Amino acid sequence: MAVKHMILNEIPTTKILIIDVENEYNHLCKKLNGKVIECDGIDSGGVLNPLQVRINRDDEIGKNALSLHFQFLETFFQILYPSLTEIEFSKLDLIFEKLYAKFNITKETDISKLKNTDFPILEDLYFFIDNENKKHQDAVYEKLLALIRPICIGQASSIWNGYTNIEVDTRITTFNTSTMQKFQIQYKRAQYYNILSYAWDILSKDVNERTMLVADECHILIDPNIPQTLEYVRYISKMARKHNSSICVISQSIEDYLNEKIRLYGQSLLANSTNKLFF
């Protein structure tokens, strides 16, 4: 209820995005003439193509959009497939480079001028690796094909395989993933990370527009073996104020953020918070 009161206070002057894991904000969003986007893999839901490069740049290190997106993709696939080794990730990184080049997307490309349909989708990635494997008969390619088949052309392909087909065009937008309970935790975590990246692209786009992200049930994102996810939340919390934005992180237990492997980012996130509410 506290966060809902915050939303009501902010809505007159602020564009609000909500990651809703447990269907807690749909009613409020609709009452405020907002939009609810189902991001849970149902056929009628929205698709956020993880292979679509987000436009934002890193103000601190000056990397371009494609380089930053390769970092996002490495974490995205590490969430889904933690068994991949450094060598296998290196080959996957090379595959991405070749795949995007095939679609005429390089580090020099102006991403802002591309349409959603100009980017590859996951089935393009699958068939690209399949073709490479037919040429080289590589054991790494065989492993990658077996791992990614479900999300590219298999039973979970409805979650991510497709062009981004959503638009944030209301004062308040909810990204609902509540029916993803049928999927394994890696899928739920990867979708949370995917939505978070998409939301940050919106939050960082226009410094003249006040924006706010509500990251509910954020503990879902946290995996002590993949500190990059919490590091990304901390990064957004640090950079948001430079873009006239804010992030509200909600979790069931503060202990989730203080595991020895991720304490550096968890403590920093807590210290960086302007306001803290404990119940």
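Here is a short tour of side-chain contacts and surface features in the structure above. The model is a predicted one, so please read every value below as computed from it. In this model the count comes to 15 aromatic pairs and eleven salt bridges.

**Aromatic pairs between helix 8 and helix 9**

- Tyr193 and Tyr232 make an edge-to-face pair, with 5.5 Å from centre to centre and 70° between the planes.
- This pair links distant parts of the chain, as Tyr193 belongs to helix 8 (residues 185-203) and Tyr232 to helix 9 (residues 228-239), 39 residues apart.
- Tyr193 and Tyr232 are both buried.
- Trp200 and Tyr235 have ring centres 6.1 Å apart and planes at 80°, so this pair is edge-to-face.
- Because Trp200 lies in helix 8 and Tyr235 in helix 9, the pair ties together parts that are 35 residues apart in sequence.
- Trp200 is buried at a relative accessible area of 2%, and Tyr235 counts as buried at 16% relative accessibility.

**Salt bridges**

- Side chains of opposite charge can pair when their charged atoms come close.
- Lys143 and Glu88 meet through their side chains in a salt bridge of 3.1 Å, N to O.
- That bridge links distant parts of the chain, with Lys143 in helix 6 (residues 139-152) and Glu88 in helix 4, 55 residues apart.
- Lys143 counts as partly exposed at 28% relative accessibility, whereas Glu88 is buried with a relative accessible area of 10%.
- Lys98 and Glu132 form a salt bridge of 3.9 Å, N to O.
- Here the link runs between distant parts of the chain, from Lys98 in helix 4 to Glu132 in helix 5, 34 residues apart.
- Lys98 counts as partly exposed at 37% relative accessibility, while Glu132 counts as buried at 8%.
- Lys98 and Glu132 also belong to a network of salt bridges that includes Lys135.
- Arg263 bridges to Glu260, and their closest N and O atoms are 3.5 Å apart.
- Arg263 is partly exposed, with a relative accessible area of 33%, and Glu260 is exposed, with 61%.

**Lysines over tyrosine rings**

- Lys4 lies over the face of Tyr25, at 5.7 Å from the ring centre.
- Lys91 places its charged end over the ring of Tyr141, 5.6 Å from the centre of that ring.

**The two sides of helix 10**

- Tyr265, Gly266 and Leu269 are buried residues of helix 10 (residues 263-272).
- Seen down the helix axis, the buried residues of helix 10 fall within an arc of 100°, so they line one face of the helix.
- Leu264 and Ala271 are exposed residues on the face of helix 10 turned away from its buried side.

**Asparagines with positive phi**

- Asn104 is not a glycine, yet has a positive phi of about 60°.
- Asn104 sits in the loop between helix 4 (86-102) and helix 5 (122-136), and counts as exposed at 63% relative accessibility.
- Asn244, also not a glycine, has a positive phi of about 60°.
- The loop between helix 9 and strand 5 (245-249) holds Asn244, which is partly exposed with a relative accessible area of 30%.

**A nonpolar surface patch**

- Met6, Leu277 and Phe279 form a nonpolar patch on the surface, and together they have about 400 Å² of accessible area.
- Met6 is part of helix 1 (residues 2-10) and counts as partly exposed at 32% relative accessibility.

Technical notes:
Residues are numbered from 1 along each chain as its sequence is written. Side-chain values use heavy atoms; hydrogens and water are left out. Patches are made of residues with over 30% relative accessible area and no salt bridge: like charges are joined within 9 Å, nonpolar side chains (Val, Leu, Ile, Met, Phe, Trp, Tyr) within 5 Å. Accessible areas come from the Shrake-Rupley method with a 1.4 Å probe; for residues, only the protein chains shown count as cover. A salt bridge is a side-chain nitrogen of Lys or Arg within 4 Å of a carboxyl oxygen of Asp or Glu. Helices (H or I, at least four residues) and strands (E, at least two) are DSSP runs, numbered from the N terminus. Buried means under 20% relative accessible area, exposed over 50%, partly exposed in between (1.4 Å probe, protein chains only). Rings of Phe, Tyr and Trp (its six-membered ring) pair if their centres lie within 6.5 Å; planes under 30 degrees apart count as stacked, over 60 as edge-to-face and the rest as tilted. A charge sits over a ring if NZ of Lys or CZ of Arg is within 6 Å of the ring centre and within 35 degrees of the ring normal. The arc is that of the directions from the helix axis to the C-beta atoms.
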